[in-house]
Amino acid sequence: DITLSESDRSFRILTMDQEKIKVPSNRKAFRASLLDFDSDVLDNPHSPQIVKDHLRFVEDGMLIVEDGKITYSGSFCDGENQLQKDDELLDFRGKIITPGFIDTHIHFPQMEMICAYGEQLLEWLSAYTFPTEAKYKSITYAKEKALMFLNELFRNGTTTAVVFCTVHPESVEALFTAAQQHNMLIIAGKVMMDRNAPDYLLDTPETSYTQSKELIEKYHGSGRCLYAITPRFVPTSTQAQLALAGKLKAEYPDVFVHTHLAENKNEVAWVAELFPDARSYFDVYEKNGLTGRRCVFAHCIHMDEEDMRCFGSSKSVLSFCPTSNLFLGSGLLPISKLCEHNILMTLGTDVGAGTSFSLMQTFQEAYKVSQLRGGRLSVEQGIFWATLGAAHALELAGSIGNLDAGKDADFVVLDPVATQLQQLRWDTATTLSDRLFTLFMIGDDRNIYRTYIHGTQVFARSR
């Protein structure tokens, strides 16, 4: 124990090697650098310069957590007098605490077929995805894989995810049950798919509506679970099914919609054949009440100018999935043009076409796409899209996304020099922006030192 110079109160300091020592207390303090964005950035989240201007960095910072909530975030000097007797102070100096990362598009069952070789989107679904997803009819199998899936998220610093399950309600039950064990904020739903897929994976408009409704009633708002109405994509749903998906959204306006849009040119052409009266792919969703706030669309590579305008005006959410887009050869997202339309941008890993659970590695590919498109994506924008920007887009910024007092204590402790090369590059960087760019451009799961959800550690690096 040491005694604070400002008072007679004492508290225990735990170094990183001593962290296994536990002091009975529902409060913990963490000393490290702090990195996040202040909430004023949300007045204009589309301006790269404003995003950069609202980055906050505290070199010697402290986070105090109590009952799963952040109660103090700021400099250690200013907050030291808030430490109470028997508070557990974890000394992470040399590390950086950031808000937990938010992955806005990922497929739970596709984890086991990540990086399957050699096909583009439509052929890839038939060859790999559909046979794999058939396994998730078994609740036992789905529960086993759900635990593995969450562990992979945690070891990559992801604390919230928007997740595709399968057509089977069992897959949703398994994922939500596993997430509840960790008090994790997760958004997920049962796939709705009644055509253009193997018979063993098809539902009907009526069963997809009924099963989704039952899952909404059971899980949406239960703990930190939130439900997403999940038509796979337009080609695998009839008009009758899309209409019932829209009916669900009208009946439960605070649930999410999660689907795919304009990922592949052949897919876009297919939609035009299936819905000849629609102006565009996006128009099909719009006519069925499946666009707007809390509606998350993965990819969106091949939208025309009118769709971009409508998308931005609707306040729909775009999940940019560059590792997947490059792996499947789907195309390069026109980032700058989308931003001109004030579209709410976020990042998704899209495992299993996406090649990594890491949003750091996802940023790396996003930066390369921007370069190929003649732009220059900043690291500040990338971090924003993975934290407060995503929380804002999902209408969850009141509880997650930055380190403000009162927010849920979902955060990550980053080790910026996990490798010898990273240490070398860190030492030669001359500005904070340069250091952060280096960290996120050559970083990966090795840089995730600790992950906390609702104030509880869910991952610790073993070395």
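Guide: Helices here are DSSP runs of H or I with at least four residues, and strands are runs of E with at least two. This is a predicted model. Its chain holds 17 helices and 18 strands. The radius of gyration is 22 Å, close to the 23 Å that the globule rule gives for 463 residues, so the chain is as compact as a globular protein of that length. Buried residues make up 60% of the chain.

Now the charges. There are 44 positive and 60 negative ones, and their mean positions lie 2 Å apart. Side chains of opposite charge can pair when their charged atoms come close. A salt bridge needs a Lys or Arg side-chain nitrogen within 4 Å of a carboxyl oxygen of Asp or Glu. By that rule there are 28 salt bridges.

Take Asp307 and Arg279. Their closest N and O atoms are 2.6 Å apart. The pair links distant parts of the chain, 28 residues apart. Asp307 sits in helix H10, whereas Arg279 lies in the loop between helix H8 and helix H9. Asp307 is buried, because its relative accessible area of 5% is under the 20% cut-off. Arg279 is partly exposed at 45%.

Lys145 pairs with Glu144, at 3.0 Å between the closest N and O atoms. Lys145 is buried, with a relative accessible area of 11%. Glu144 is partly exposed at 45%.

Arg425 and Asp434 also meet in a salt bridge, 3.0 Å from N to O. Arg425 is partly exposed, at 31%. Elsewhere, salt bridges with shared partners join Lys69, Arg224, Asp408 and Asp410 into one network.

Key. Residues numbered from 1 in each chain as written. Predicted model: local features only at pLDDT ≥ 70, side-chain atom pairs only at ≥ 80, totals over all residues. Heavy atoms only, no water. Rg over C-alpha atoms; globule rule 2.2 N^0.38 Å. Buried < 20%, exposed > 50% of the residue type's maximum accessible area, 1.4 Å probe, protein only. Lys, Arg positive; Asp, Glu negative; His and termini not counted. Charge placed at Lys NZ, Arg CZ, Asp CG, Glu CD.
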